Amino acid sequence: MSKHALVNRLAEIRSKQPWLVMSAAKNFYLSRSDNPAISHYYSFEANGSNEQAFAIPDGCVDILFDCDSNQPTAEVFGTPMAAIDIELKSHHRYFGVRFAFGIVPDFLRVSAEELVEHHYQFIEVIPESNQVFESIVKQENFTDQVALFKQFYNGQETRQHSSLTAQVVKTISETRGSVRVEELEDLTGFSTRTIQRQFKADLGMSPKAFSRIIRCQSAVYNINHNDQVAFSELACDLGFSDQPHFLREFKKLVNTTPMVYQSRVKEQSYLDRIRYV
């Protein structure tokens, strides 16, 4: 599979950060990207409460700009491997760029492995980025912010992945994370050690960690888009050995139980908050 085919494969996986959406004061604006390396752009104003927000595992690199007029900042976030606290300042306006699942832009001065579970100051890891930082944080219009980042990103490359990693990504994605390592060995003809070493070099994580993220995102998607979800059936569909195992995993990765999460999503009208631009 070519580099561009892998980018397209990864771009099909639409990541969710539901706590960001529910932390918006009102609407969460989202714009799809015409570049397959970028999943989407987003913008929101943080609500006025002191309620804690969380980031959940999504396998994506995010660039998040705090467009405060007095003290603007921007950070590059790698994926967490469990739910983590994130600090959103009350009534601050945020603009974000989320790269497609597994994509690492080549302009970053850090490796894929260094990104996982870490975040960095935007101007420290992206060469010659002061001008685009200043332009974006000063711009109040979301569409214009998107245009500014597109102009900056035009012509940039993504890190190349091996054909082995591409094959493993395809299989894990199609099985929603329920494939076993032994099956990957049979499918690829490579040993577990080789698969893990190459996968970590390309994506910064193990195939098992990748599978956990896929299952987490699949569970969140199902709950977000269905009125009622039978958690026992969902656990079975996602390859968990039993419902208690699924409940423990969900709580670790999303920071609450599936039942409480479902209640919050419906209470705050999650899907109604998203406005496509």
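In the predicted model, β5 contributes four residues to the lining of the largest pocket, the largest share from any element. Besides β5 (73–77), the elements that supply two or more residues to this lining are β4 (62–66), β6 (84–86) and β7 (93–99). The lining comprises 27 residues in total, and L64, E75, F77, I86 and E87 are those nearest the centre of the pocket. Sorted by class, 12 of the lining residues are nonpolar, six are polar and nine are charged. The space in this pocket amounts to about 540 Å³.

Rolling a probe the size of a water molecule over the atoms shows where empty space is left. Across the whole structure, four cavities of 30 Å³ or more are found. The largest cavity holds about 130 Å³ of space. Its lining consists of 13 residues, with S15, K16, L30, H40 and Y270 closest to the centre. Two or more lining residues come from each of β1 and β9 (274–276), and β1 gives the most, with three residues. In this lining, six residues are nonpolar, three are polar and four are charged.

The second largest cavity has a volume of about 100 Å³. It is likewise described by its lining: 13 residues, of which G59, V61, V104, L203 and M205 lie nearest the centre. Nine of the residues lining the second largest cavity are nonpolar and four are polar, while none is charged.

The strands β1 and β2 run antiparallel and are joined by six bridges; the two form a hairpin, with five residues between them. Within this pairing, Y29 has S43 of β2 as its bridge partner. The pairing of β2 with β7 is also antiparallel and extends over seven bridges. Here E45 stands opposite R93 of β7. Most of β2 is covered, eight of its nine residues being buried. In a regular strand the side chains alternate between the two faces of the sheet.

The largest nonpolar core contains 36 residues, and the members that touch the most others are F28, F44, L88, F246, F250, V254 and Y261. Both helices and strands give two or more residues to this core: the helices are α2 (18–22), α10 (207–225), α11 (231–237), α12 (243–254) and α13 (258–267), and the strands are β1 (24–32), β2 (38–46) and β3 (53–55).

The surroundings of F44 were considered in more detail. With neighbours within four places in sequence left aside, F44 is in contact with L20, A24, N27, F28, L88, H92, R93 and Y94. Of these contact partners, F28 and L88 are listed with F44 among the core members that touch the most others.

Terms used: Residues are numbered from 1 along each chain as its sequence is written. This is a predicted model: local features need pLDDT of at least 70, side-chain atom pairs count only at pLDDT 80 or more; totals for chains, interfaces and linings use all residues. Side-chain values use heavy atoms; hydrogens and water are left out. A nonpolar core is a set of buried Ala, Val, Leu, Ile, Met, Phe, Trp, Tyr and Cys residues joined through side-chain atoms within 4.5 Å. Buried means under 20% relative accessible area, exposed over 50%, partly exposed in between (1.4 Å probe, protein chains only). Contact means heavy atoms within 4.5 Å. On a 1 Å grid over the protein atoms alone, a cavity is a set of points where a 1.4 Å probe fits but cannot get out, and a pocket is an open set with protein on both sides within 12 Å along at least five of seven lines; lining residues have an atom within 4 Å of a point. Grid points are joined across faces, edges and corners, and a volume is the space filled by probe spheres set on the points. Ala, Val, Leu, Ile, Met, Phe, Trp, Tyr, Cys and Pro count as nonpolar, Asp, Glu, Lys and Arg as charged, and the others, Gly among them, as polar. Two strands pair if DSSP finds at least two bridges between them.
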